[in-house]
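Colleague: I am new to this structure and would like to learn how to read it. Could we go through it together, please?

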Amino acid sequence: MKTLFLQAPSFDGFDGGAGSRYQAKREIKSFWYPTWLAQPAAMVPDSRVLDAPADEISVEDSLRIAEGYDLVIIHTSTPSFPTDAKFAELLKERKPNVMIGLVGAKVAVDPSGSLTASSAIDFVAREEFDYTCKEVAEGRPFESITGISYKLADGTVQHNPPRAMIENMDDLPFVAPIYKRDLTINNYFIGYLKHPYVSIYTGRGCRSKCTFCLWPQTVGGHRYRTRSAANVLAEAKWIKENMPEVKELMFDDDTFTDSSNMDRVHEIARGLGAMGWTWSCNAKANVPYESLKIMKENGLRLLLVGYESGDDQILHNIKKGLRTDIARRFTEDCRKLGVMIHGTFILGLPGETKETIDKTIQFAKEINPHTIQVSLAAPYPGTTLYKQAVDNGWLQENEAVNLVNDKGVQLALIEYPHLSKQDIFHGVEKFYRAFYFRPSKIWEIVKEMLASWEMMKRRLREGVEFFRFLRAHEA
């Protein structure tokens with residue numbers, strides 16, 4: 001079947017491409033690559049990936065494009081599901097015989113509810129859906145395809161057996177050729193990455209057990225299944241030769257620097273260094289100094305690090321597997337080596353109080369990452385945090401559908417007897433102001449701007465967006 005893989009239109013600035021972590025409008029407009037759609041698209045001949053939010057394509061134009069396909073597969077999430085389902089209904093009205101399927105963590109944890117929410121949805125793919133999409137596109141009968149749920153003629157929902165995890169990750173084709181073929185590279189930008197950049201996965205799954213993290217608990221699993229170093233370097237070489245405008249590679253694995261994986265990391269780093277790549281990756285705040293040194297000497301520029309909290313009890317509560325003293329030492333090691341850090345923090349996790357919010361703000365100021373992201377605890381269905389919040393009365397069941405407002409701003413849903421939603425919500429702008437509105441941090445940003453006209457223009461644009469975000473958050 002002629003197949004379209006679709007990131008459907010949504011509110012302005014919605015970063016659905018980062019479906020595994022942060023499905024909301026960011027402080028500054030950012031877009032991750034829709035890798036989870038590009039991967040199955042690489043397995044389906046003559047398919048297309050359409051990223052409507054990144055390309056700023058309207059609902060009407062997206063419908064017009066989608067009408068030209070027999071099969072439309074939409075990546076959805078808890079906050080985007082209502083608008084994604086509405087898009088499916090509009091498409092069915094125009095082309096009743098089009099087949100529409102949904103993929104993503106939302107439908108993986110609630111296949112029945114997702115299917116019955118709209119008559120326009122023909123099937124949903126659970127678990128890892130790459131081969132599921134391929135088999136549907138080949139026209140195989142639904143009953144023969146593992147990992148899908150669909151409606152029978154009488155309206156009941158049929159759940160086929162689960163699909164086995166992909167073990168040999170090298171069997172998956174490269175996603176970069178799909179990016180080049182279907183996407184507008186300049187539309188993808190992240191405040192802390194060089195522009196233009198490309199992000200790819202070198203493996204799936206995460207051995208960490210963080211109670212809030214969506215993707216490992218719903219789709220990727222807790223075993224880290226990796227591509228070989230040779231395979232990763234071959235894709236990096238392809239990008240270097242075929243996308244010469246790309247200035248930085250980002251490895252978006254949940255924890256690229258997992259301690260079980262460091263020999264492979266060293267091999268990849270040395271290969272990237274030989275090619276002259278500048279690169280970044282997600283990391284846990286416990287990478288040994290010697291590994292950081294090898295990475296830095298071979299092109300590593302920045303690490304995206306989830307600190308989450310400056311309170312050790314909260315880190316224990318969420319099963320982070322990390323202490324603040326280890327995070328401090330790691331951060332100092334990065335500073336010595338000249339590795340930049342984009343640090344992420346979460347407010348409202350179990351154990352949070354007004355005092356721990358202040359403690360985390362102080363911790364962030366002391367370790368002083370180059371840039372930060374502050375999120376609200378998001379109880380996605382399917383996570384331990386969601387179950388814990390419902391069981392303890394911190395959240396009403398099914399309230400998580402309202403993770404963002406109609407403008408895409410993330411909402412505080414969890415509250416505690418001693419700490420209101422409002423206190424947690426307004427902790428975000430308090431955190432940002434305390435961190436960024438320091439003379440030392442302002443001067444650090446100004447120096448960065450003065451060193452490059454390109455950076456000057458970029459930071460001025462981001463500054464305007466950042467102040468708009470703060471005003472929206474205060475409203």
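Colleague: Which residue is the bridge partner of Glu308 in β14?

Modeller: Two strands pair if DSSP finds at least two bridges between them. Here the partner of Glu308 is Phe345 in β14. Strands β13 and β14 (residues 340–347) pair in the parallel sense over six bridges. As for the names, helices (H or I, at least four residues) and strands (E, at least two) are DSSP runs, numbered from the N terminus. This is a predicted model, where local features need pLDDT of at least 70, side-chain atom pairs count only at pLDDT 80 or more, and totals for chains, interfaces and linings use all residues. Residues are numbered from 1 along each chain as its sequence is written, and side-chain values use heavy atoms, with hydrogens and water left out.

Colleague: What is the mean pLDDT of the protein?

Modeller: pLDDT is the predictor's confidence in each residue, from 0 to 100. The mean is 90, and 89% of the residues reach 70 or more. Over residues 15–23, however, the pLDDT is below 50.

Colleague: How many disulfides does the structure hold?

Modeller: A disulfide is a covalent bond between the sulfur atoms of two cysteines. The rule used is a pair of cysteine sulfur atoms within 2.5 Å, and the structure holds zero disulfides. The sulfur of Cys210 lies 6.2 Å from the closest cysteine sulfur, in Cys213, which is too far for a bond. Cys334 is in no disulfide either, with the sulfur of Cys281, the nearest, 9.7 Å away. Cys334 is buried, at a relative accessible area of 0%.

Colleague: How many aromatic pairs are there?

Modeller: Rings of Phe, Tyr and Trp (its six-membered ring) pair if their centres lie within 6.5 Å; planes under 30 degrees apart count as stacked, over 60 as edge-to-face and the rest as tilted. The count comes to 18 aromatic pairs. One of them is Tyr33 with Tyr197, edge-to-face at 5.3 Å centre to centre and 80° between the planes. These two residues are 164 residues apart in the chain, and both are buried.

How values were computed:
Contact = heavy atoms within 4.5 Å. Buried < 20%, exposed > 50% of the residue type's maximum accessible area, 1.4 Å probe, protein only.
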